[in-house]
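Good morning, everyone, and thank you for making the time. I would like to walk through one structure with you, so please keep the sequence and the model in view while I talk.

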Amino acid sequence: LSSPSQHGTSRDTRGAVLLRSGDVELSNSLLGFPTAAQGAGWRGFSVVLSEDFGWIHEPSGEQVTLAEFRAVLSNVTALQIRGDQTVYSAEGSGQETAYLNDIALLRP
């Protein structure tokens with residue numbers, strides 16, 4: 001992720017990556033990774049597809065069980081990656097330029 005231009009307040013990282021299966025939505029907030037600060041260049045992120053790596057139910061925020069995670073992975077209808085990291089505030093309009101590159105699903 002690269003975000004060379006940002007104006008506004010940093011967005012909550014909750015929901016940075018979403019997995020959807022029917023009406024079930026799970027999210028990962030990329031905790032532990034730095035945000036793509038303006039002008040910082042490319043930042044790498046890895047998201048582990050395992051229930052014990054920060055995945056929660058949306059909108060409740062409840063932890064995901066192994067059975068629930070496997071059920072979602074057996075029929076994923078959407079994978080969404082949010083590139084924007086700012087919102088409108090007194091510090092700016094929330095406009096930004098963000099780029100995603102080299103996205104891959106890898107098997108261990």
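Let me begin with the aromatic side chains, where the structure holds one pair, a pair being rings of Phe, Tyr and Trp (for Trp its six-membered ring) whose centres lie within 6.5 Å, with planes under 30 degrees apart counted as stacked, over 60 as edge-to-face and the rest as tilted. The rings of Trp-55 and Phe-69 have their centres 5.6 Å apart and their planes at 50°, so this pair is tilted. Trp-55 sits in the loop between strand S4 (24–28) and S5, while Phe-69 belongs to helix H1, so the pair ties together parts that are 14 residues apart in sequence. Both Trp-55 and Phe-69 are buried, where buried means under 20% relative accessible area, exposed means over 50%, and partly exposed is in between, with a 1.4 Å probe and protein chains only.

Before I go further, a word on what we are looking at: this is a predicted model, in which local features need pLDDT of at least 70 and side-chain atom pairs count only at pLDDT 80 or more, whereas totals for chains, interfaces and linings use all residues. Residues are numbered from 1 along each chain as its sequence is written, and side-chain values use heavy atoms, with hydrogens and water left out.

Now to the overall fold. Along the sequence the pattern reads β-β-β-β-β-α-β-β-β, and of the 108 residues in the protein chain, 29% are buried.

S4 and S5 run antiparallel and are joined by three bridges, and Leu-26 has His-57 in S5 as its bridge partner. Five bridges join strand S3 (residues 17–21) to S4, again antiparallel, with Val-17 partnered by Asn-28 in S4. S3 and S4 make a hairpin with two residues between them, and Gly-22 in that turn has a positive phi of about 60°. On its other pairing, S3 is joined to S6 by four bridges, also antiparallel, and Leu-18 has Gln-80 in S6 as its bridge partner. Four of the five residues of S3 are buried, so S3 is largely enclosed by the rest of the structure.

Arg-20 deserves a moment of its own. The bridge partner of Arg-20 in S4 is Glu-25, and the side chains of Glu-25 and Arg-20 also meet in a salt bridge at 2.3 Å, N to O. The structure holds one salt bridge, defined as a side-chain nitrogen of Lys or Arg within 4 Å of a carboxyl oxygen of Asp or Glu. Arg-20 counts as partly exposed, at 24% relative accessibility.

Finally, two backbone details. Which peptide bond is cis? The one from Glu-58 to Pro-59 is, with omega near 5°, and Pro-59 is placed in the loop between strand S5 (56–58) and H1. Asp-102, which lies in the segment after strand S8 (96–99), has a positive phi of about 55° although it is not a glycine, and Asp-102 is exposed, with a relative accessible area of 71%.

Notes. Pairing = 2+ DSSP bridges.
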